[in-house]
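Please keep the sequence and the 3D view open as you go.

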Amino acid sequence: MFKILSFLVAGILFMSCQCGQQAGAARKKVNPIVVATPERPAGQTDVVGLTTPKLDTVRVGFIGLGMRGPGAVSRFTHIPGTKVVALCDIRPERVEAAQNILKKAGLPEAAAYSGSEDAWKQLCERDDIDLVYIATDWKHHALMGVYAMEHGKHVAIEVPAAMTLDEIWALINTSEKTRKHCMQLENCVYDFFELTTLNMAQQGVFGDVLHVEGSYIHNLEEFWSEYWNNWRMDYNRKNRGDVYATHGMGPACQLLGIHRGDRMDYLVAMDTKAVNGPAIVEKSTGEKVEDFQNGDQTTTVIRTKNGKTMLIQHNVMTPRPYSRMYQLVGTDGYASKYPIQEYCLRPAQIDSKDVPNHENLNAHGSVPEKVKKALMDKYKHPIHIELEETAKKVGGHGGMDYIMDYRLVYCLRNGLPLDMDVYDLAEWCCMAELTRLSIENSSAPVAVPDFTRGGWQKVDGYRHAFVK
């Protein structure tokens with residue numbers, strides 16, 4: 001018996017030692033793959049909190065009038081203090097369709113550019129445009145943004161605004177050099193649950209926000225054919241990684257105050273095999289694809305300098321309910337938008353003066369619907385208090401597109417920092433190249449560059465700017 005007990009004790013001690021060694025190994029810092037951060041060009045400074053002279057009227061030129069551009073033209077006809085000066089698309093019929101939007105709104109026709117691959121350059125070279133609004137295919141976004149800023153224009157670029165680190169650094173360097181705004185047109189940060197939850201987080205309702213989640217889960221089976229020249233499927237065919245991360249990244253990064261007191265440190269990514277992508281190509285073209293790059297699903301985990309985490313997913317290939325995930329885990333509460341909107345809070349976090357009759361609340365179940373409604377009414381964001389009614393009438397993904405465009409114009413007209421700057425653009429777009437790098441190296445950790453090059457702690461927490 002003694003021998004048996006001795007053997008068991010020795011075994012337990014051995015396993016305990018092994019577990020301790022493994023735990024120690026787990027805590028050991030793994031050196032991530034590091035990509036180069038180019039030196040800031042001489043004479044340049046960062047554009048954190050950039051402000052520019054007020055514009056009485058924001059004169060706009062639109063490039064790209066396919067799926068997203070016409071809606072933007074229409075929305076601008078409802079925004080005070082704007083003038084649509086020029087319209088551009090490689091297809092003349094798309095320009096004409098946008099002209100009809102202006103006519104219907106009782107506005108004069110804009111200057112038209114079309115028919116040539118370089119027609120957009122003529123628009124950027126005009127001296128009567130303040131803002132160039134870019135809604136083309138992804139591969140032209142950064143090129144056009146750089147050219148427009150070099151010709152003295154602010155730029156607003158559809159998502160993703162850049163697909164490679166080289167493109168990202170070109171946009172950053174040009175914005176810093178020209179002192180022109182470069183904003184990515186990320187609409188999801190203005191959705192109603194997201195802004196309300198952000199306001200709650202900023203006021204400490206959830207305590208310290210520890211973990212956030214976001215995604216773009218959207219089966220595009222019905223939409224692939226609508227992309228001119230099949231450009232979006234071609235991009236997924238040739239590129240691996242999370243190529244469309246911004247809808248999930250934007251709200252998540254705002255909750256964590258990324259480059260406003262914290263920044264992303266490193267990421268790890270992995271993907272599934274590609275099944276539906278090559279099947280869709282074969283079904284539509286008859287071509288059998290053996291080297292389709294992008295997996296049906298990509299999953300990325302990110303850790304920040306302040307010890308917080310993010311989970312990001314991308315899936316446009318499989319039958320799943322639409323979701324941007326949007327979850328928040330805090331020391332004192334939880335929020336989630338999909339599949340249902342819900343909050344979970346300790347009773348102590350809820351003021352009985354504002355939300356009566358909540359005695360039955362607990363910290364491991366969602367608050368009742370009436371409590372959720374009372375919370376959302378109490379913490380309704382000032383932007384929505386001002387714009388919700390008009391936004392829902394004008395439309396654009398339920399109104400968030402209108403709010404996005406309105407806020408862009410509002411900040412330009414009042415000389416305020418934009419809600420999203422060029423570093424937001426960089427952080428949300430860098431997922432495309434960095435996740436590919438991780439995946440192609442057996443899901444190795446990859447360091448996320450400091451795109452501010454030292455300025456990420458200059459601002460403490462994310463805030464929208466308003467006229468005082």
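Which residues line the largest cavity? They are Val189, Glu194, Leu195, Leu198, Pro251, Gln254, Leu255 and Tyr326. This is a predicted model, where local features need pLDDT of at least 70 and side-chain atom pairs count only at pLDDT 80 or more, while totals for chains, interfaces and linings use all residues. Residues are numbered from 1 along each chain as its sequence is written, and side-chain values use heavy atoms, with hydrogens and water left out.

**Cavities**
- The whole structure holds 3 cavities of 30 Å³ or more (a cavity is a set of points on a 1 Å grid over the protein atoms alone where a 1.4 Å probe fits but cannot get out; lining residues have an atom within 4 Å of a point).
- The largest cavity has a volume of about 40 Å³, taken as the space filled by probe spheres set on the points, which are joined across faces, edges and corners.
- Helix H7 (192-202) and helix H9 (246-256) each supply at least two residues of this lining (helices, H or I, are DSSP runs of at least four residues, and strands, E, of at least two, numbered from the N terminus).

**Around Leu55**
- Leu55 sits in the loop between helix H1 (2-27) and strand S1 (58-63).
- Leu55 is buried, with a relative accessible area of 18% (buried means under 20% with a 1.4 Å probe, protein chains only).
- Beyond neighbours within four places in sequence, Leu55 is in contact with Asp130, His154, Leu412 and Arg413 (contact means heavy atoms within 4.5 Å).
- Leu55 and Asn414 are 359 residues apart in sequence, yet 7.1 Å apart in space, C-alpha to C-alpha.

Notes: Buried means under 20% relative accessible area, exposed over 50%, partly exposed in between (1.4 Å probe, protein chains only). On a 1 Å grid over the protein atoms alone, a cavity is a set of points where a 1.4 Å probe fits but cannot get out, and a pocket is an open set with protein on both sides within 12 Å along at least five of seven lines; lining residues have an atom within 4 Å of a point.
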